[in-house]
Amino acid sequence: MANELEELLDFLSSPLPPVKKAAVDIVRDLTGAEDGLQSLAKYSDVALPSLGCLLAEKKEVSEPAAEALINLSQNSELATKLVSMGMIKATMDILYKQEAGITRLLVMFLINLTQLDAGIDSLLQIGDEKMHGLYVMRLVRSFCTSSNEKDGDPFEQVGSVLVNISKREAGRKLLLDPKRGLLKQVIRQFDSTSSLRKKGVSGTIRNCCFEAENQIQNLLLISEFLWPVLLLPVAGNKIYSEQDTSKMPLELGSALSIEREPVNDPEIRVQTLEALYLLSLQEAGRRALWSVNGPRILQVGYEEEEDPKVMEAYERVGSLLIQSSDSGEDSSLTSK
């Protein structure tokens, strides 16, 4: 079997297009099963570089090659090898230097590689002062414009890459840098009808809020965009009274004065509540939340919530706000 597999992998470099195409299709199919993955892993020093080279070929070859690499990179050891081979740079070059026709697959590949710290460092271009952040800036720009493309939304899953890089302090600092304004751009994508986009945005914001202790002012600089994204998903479905909305910013109050689409994904609601909790740990964050009538929104949303995990997230925020306030607000957020 080993000799047959070695021969198959040699065919990936064949000068004959039909042979190369047949070989990559077989390798792609092998990666779809656990035994096939294990067999290929033994020959990863040959398989990974060969498949990587095929990403720059025509779609009939690059597509199965990308699918094979996505499957292989779910193995952390193989993903580590791919990162050390420079596959982040190679993937970004292919993504932006030619019309590969496999954009969505390349983004999925980046998601897998940025599960690793080394992959995140590579995408952030750590150690290269002149280029630091360029890849992420490009991805954010594509994420913010691709939803308008006629052939679907090829960069839709960039939000998952941003969630991955924002798990690291260096990634959070890059996204929060006010001179770059990346998080502000990302936040606006929450208005998308795509649940993948929404989840990517909410997860990225939530991770960035772990920097609230040191970067609360940078977060509050974009609060006019931040509050609607964090509060509307957890505001419940009721139409708010003028008495309530008069104490809110115009965009937030206007949205809560009319019927609106609920955010049905409980994970998104938990993420926004966790972001609010992290902001509220800081005095400036609590003051800002009170200033937009945030506690009232949370109270109404909590009364309508039925998911136990989401209710628990409400209670954490509510408990914090009540403990830190001497305003005598209703404490119904703390138990249900």
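Tutor: In this predicted model, Phe 155 counts as buried because its relative accessibility is 8%, which falls under the 20% limit for that class. Tyr 96, by contrast, has a relative accessibility of 29% and therefore counts as partly exposed. The structure holds two aromatic pairs, and a pair of aromatic rings is described by the distance of the centres and the angle of the planes. Tyr 96 and Phe 155 form a stacked pair, with 6.2 Å from centre to centre and 20 degrees between the planes. This pair links distant parts of the chain, 59 residues apart, since Tyr 96 belongs to helix H7 (residues 87-97) while Phe 155 lies in the loop between helix H10 (134-145) and helix H11 (158-165). Tyr 96 also has a charged neighbour, for Arg 138 lies over the face of its ring, at 5.5 Å from the ring centre.

The other pair joins Tyr 302 and Tyr 314 in an edge-to-face arrangement, with the centres 5.7 Å apart and the planes at 65 degrees. Here too the pair links distant parts of the chain, with Tyr 302 in helix H21 and Tyr 314 in helix H22 (residues 308-323), twelve residues apart. Both Tyr 302 and Tyr 314 are buried. A further charge over a ring is found at Tyr 277, where the charged end of Arg 316 sits 4.0 Å from the ring centre.

Asn 293 counts as buried because its relative accessibility is 13%. Leaving out residues up to four places away in sequence, Asn 293 touches Asp 244, Lys 247 and Met 248.

As for the nonpolar core, the largest one has 106 residues, and those that touch the most other members are Leu 55, Val 136, Ile 205, Leu 276 and Leu 298. Helix H19 (residues 266-280) contributes the largest share of this core, eight residues. For Leu 55, once its neighbours within four places in sequence are set aside, the contacts are Ser 62, Ala 65, Ala 66, Leu 69, Met 87, Thr 91, Ile 94, Ile 102, Leu 106 and Phe 109.

Conventions:
Residues numbered from 1 in each chain as written. Predicted model: local features only at pLDDT ≥ 70, side-chain atom pairs only at ≥ 80, totals over all residues. Heavy atoms only, no water. Core = buried A, V, L, I, M, F, W, Y, C linked by side-chain atoms within 4.5 Å. Buried < 20%, exposed > 50% of the residue type's maximum accessible area, 1.4 Å probe, protein only. Helix = DSSP H or I, 4+ residues; strand = E, 2+ residues; numbered from the N terminus. Contact = heavy atoms within 4.5 Å. Phe/Tyr/Trp six-rings, centres within 6.5 Å; stacked < 30°, edge-to-face > 60°. Lys NZ or Arg CZ within 6 Å of the ring centre and 35° of its normal.
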